[in-house]
Amino acid sequence: MSKAPSSNAAPSIPALGSRPALVGGVGILLALVCMVVLTAVLYWPGVHGGFALDDYPNIVNNPAVHLSDLRPDSLLAAAFSSHAGILGRPLSLLSIALNEYLWGPGPYSMKAVNIAVHACNGLLVYAVAALILLAWGRRFRPELDKRLIQWTAVAMATAWLVLPINLTAVLYVVQRMTSLAGMFTLAGIALYLWGRLRMLDGKAGLWMAWTGIVAGGALGVLAKEVAALLPLYALVIEWTLFRFAGADGGRDRRLYWLYGTVLALPALVGLFWVVPGRIGHNAYAGRTFTLGQRLLTEPRVLLDYIGWTLVPNPHALSLYHDDYRASRGLLTPWTTLSSLLGMLGLLAIALWQRRRRPLVSLGILWFFAGQLLTGTVFNLELVYEHRNYLPSIGLLLALVSVIVLEPPLQRMALARRALLGGLIVLYAAVTGLRVHQWSDPLRFAAVSAAEHPASPRATYALGRLYSSLVDGPDSRFLTLANRALEKAAAVPDAGILPEQGLLLTNAKYHQPLKAAWWENMRAKLRKRPASAQDASALSALVYCQLREQCAFPTDHMVSILVTAMTRNPANPDFVAIYGNYALNVLHDPPLARRLMVKATRMAPATAQYRINLIKLDIFLGRHEDARHEIHRLRKLNRFGHLDETLRRMHRRLERARNAAHAPGAHPSSNPGHAPPRLGARP
């Protein structure tokens, strides 16, 4: 390999002479078609799997995404129906809602569309890889055969498509958010690369670089916030390959303005606006770890990600990593310090190899850039495999470049290609095994619980699945469900979902409810701040009683709800849940109204709490109060997504007014009408 210039100035870079050829001949085109077909065949059995984890609050139990029409207000309500992320991820939710409307409910069609999105992303990975390798070749290896570059890009894209760690971004339905954001990010990077290559040829390409970053990033963050890293990916490419060079070999200062606008300025805004609220005093109140412990843990997590990506272990890969223990100190566990040193060592290698092996440098920096949001200060769970969906591209780039493109190319060329082919076969085999597990909900739950016995979620998921199969008091699944749920309840750091499952399952079939279940639930709620799953658990208990499917002792229910509300004074969900119980079970409207007013004051921007208060005021005959609340609700109507809700509230209020003015009507209420059911956030 020729040595890079020693001066700091960027050297003159040979021109391509024409536009970059991404698909060079029929052979490459057929290879790409085969790559897509392989992906579809490998993943297709997974469409028979079920929903999991966050699929339930975002899809299954989210009424807004179950469209009955395509009116603009219905589409907007679906798009903004999630509380995930800062922006609500409207493009992802809208795509899922349209998915269900066009092809029916259930996970089958949603997983099928996820596979299609993943296959499209594989084609985009090919385009990005080919353009990166073209840029590398023209600067460092101008004599390199363009066909080798294209076939290397095909191999890299194929490896990425069948990479086992990417499975959860495909078959975990709600992670359409990740794959859709990845699609816009990859398209933006590809356009940026194309524009930069044109700029080096002295052609108009700056507008393509701007458009790729701005449009790709803007659309991507509407799918998921990780797309905000697009400018950082582009900067890593620029710093390692292009080095801000212009057509004449000097620095193109227009690029400094570009990155100052799309990266430095947003980073400063985020630093002073977003980050403080995400790492403040109460940011980690619902976690079992602190900010400091999270920062100590993430080097271990990142090195595990690298291992799981490049040398996948099917027993380590899982949807459930809530059994991953946080680091409590540099030597607790001892791998904390060694992982921190390992991470710093990889970054040092990236800096050292920037001139000699820029693809290795680019790959390492790409991986760490992709972990900047999920692996640093933000209050997120410690481990999720789908966080590697785009970062894994960097690891593959570094690995493939070392295997295939290290000079001299003639030395052991066949062995190198065989090694790369063997890795692709290994990745496909492990992914096929994982797809087989995911294709059957019972198999998936049983394997997950067996391989992660310390995972509260995996053990609970098995018990929940058994519960769903119970069809009577004599069902064998009732015994299996109770055994699995009691085991899940005893797992360290488990929430109250297992106890909730025990109470619901046994109450529905009129089985005895153990006092220990109630006491365990109270003890857990007193011990630590409750999670969103705990709120969902309590809400389910209340609604089971409202539907007259369960009969729970009032003293136990009140004690549990008061404990949750007292222990979590800043969480309006528990206030709303208790308000619903007070109205519909305790039949105490004054208490219910006080609680609903409190919930709206705690979260004035949450529409659901105000809707609750409107319904309650109408029921109580407080029509003028209801009218004022409808006016306040209108202010929350972003882009018209509450139009239909506002119309329903107006109609409800008018009917109540007419009934109140009818001859013989009660002056202050709606006699004969059942009290409304009030909800927490969907």
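At what angle do the axes of helix H20 (residues 476-489) and helix H21 (residues 497-508) cross, and within what distance do they come? In this predicted model, local features need pLDDT of at least 70 and side-chain atom pairs count only at pLDDT 80 or more, whereas totals for chains, interfaces and linings use all residues. Residues are numbered from 1 along each chain as its sequence is written, and side-chain values use heavy atoms, with hydrogens and water left out.

The axes of H20 and H21 cross at roughly 160° and come within 8 Å. Helices (H or I, at least four residues) are DSSP runs numbered from the N terminus, as are strands (E, at least two). Axes are lines fitted to C-alpha atoms, for helices over the stretch in contact, and angles run from 0 to 180 degrees between N-to-C directions. The crossing angle makes H20 roughly antiparallel to H21; angles over 145 degrees count as roughly antiparallel, those under 35 as roughly parallel, 65 to 115 as roughly perpendicular and the rest as oblique. The crossing of H20 and H21 is left-handed, a term used if the near helix is turned anticlockwise from the far one by less than a right angle, with right-handed used if it is turned clockwise. On the H20 side, Leu478, Asn482, Leu485, Glu486, Ala488 and Ala489 take part, and they meet Pro498, Glu499, Gly501, Leu502, Thr505 and Asn506 of H21; contact means heavy atoms within 4.5 Å. By class, six nonpolar, four polar and two charged residues form this contact of H20 with H21. Ala, Val, Leu, Ile, Met, Phe, Trp, Tyr, Cys and Pro count as nonpolar, Asp, Glu, Lys and Arg as charged, and the others, Gly among them, as polar.

The loop between H20 and H21 contains Asp493, which has a positive phi of about 70° although it is not a glycine. Most residues other than glycine have a negative phi, and most peptide bonds are trans. Asp493 counts as partly exposed, at 41% relative accessibility; buried means under 20% relative accessible area, exposed over 50%, and partly exposed in between (1.4 Å probe, protein chains only). His587, in the loop between helix H25 (572-584) and helix H26 (589-602), also is not a glycine and has a positive phi, of about 55°. With a relative accessible area of 59%, His587 is exposed. A cis peptide bond, with omega about 0°, joins Thr332 and Pro333; Pro333 is found in the loop between helix H13 (291-310) and helix H14 (335-352).

Helix H15 (residues 358-370) packs against helix H16 (residues 391-404) at an angle of about 165°, and their axes are 7 Å apart. That makes H15 roughly antiparallel to H16, and the crossing is left-handed. The H15 residues in the contact include Trp366 and Phe367, and those of H16 include Ile393 and Leu397. The contact of H15 with H16 comprises eleven nonpolar, four polar and no charged residues.

The axes of helix H22 (residues 515-527) and helix H24 (residues 554-567) cross at roughly 10° and come within 9 Å. H22 and H24 are therefore roughly parallel to each other. Trp518, Met521, Arg522, Leu525, Arg526 and Lys527 of H22 make the contact with His556, Met557, Ser559, Ile560, Thr563, Ala564 and Arg567 of H24. Six nonpolar, three polar and four charged residues are found in the contact of H22 with H24.

A search of the whole structure finds one disulfide, defined as a pair of cysteine sulfur atoms within 2.5 Å. Cys544 and Cys550 are the joined residues, with an S to S distance of 1.7 Å. Their link is right-handed, with 55° about the S-S bond. Cys544 is buried, with a relative accessible area of 1%, and Cys550 counts as buried at 6%. Cys34 is in no disulfide, the nearest cysteine sulfur being that of Cys120, 17 Å away. Cys34 is exposed, with a relative accessible area of 51%, and Cys120 is partly exposed, at 40%.

Two buried residues within helices complete the description. Met35, in helix H1 (residues 26-43), is buried with a relative accessible area of 2%. Beyond its neighbours within four places in sequence, Met35 is in contact with Gly122, Leu123, Val154, Ala157, Thr158 and Leu161. Pro231 is found in helix H10 (residues 230-242) and counts as buried at 8% relative accessibility. Not counting residues up to four places away in sequence, Pro231 touches Ile213, Tyr259, Val262 and Leu263.
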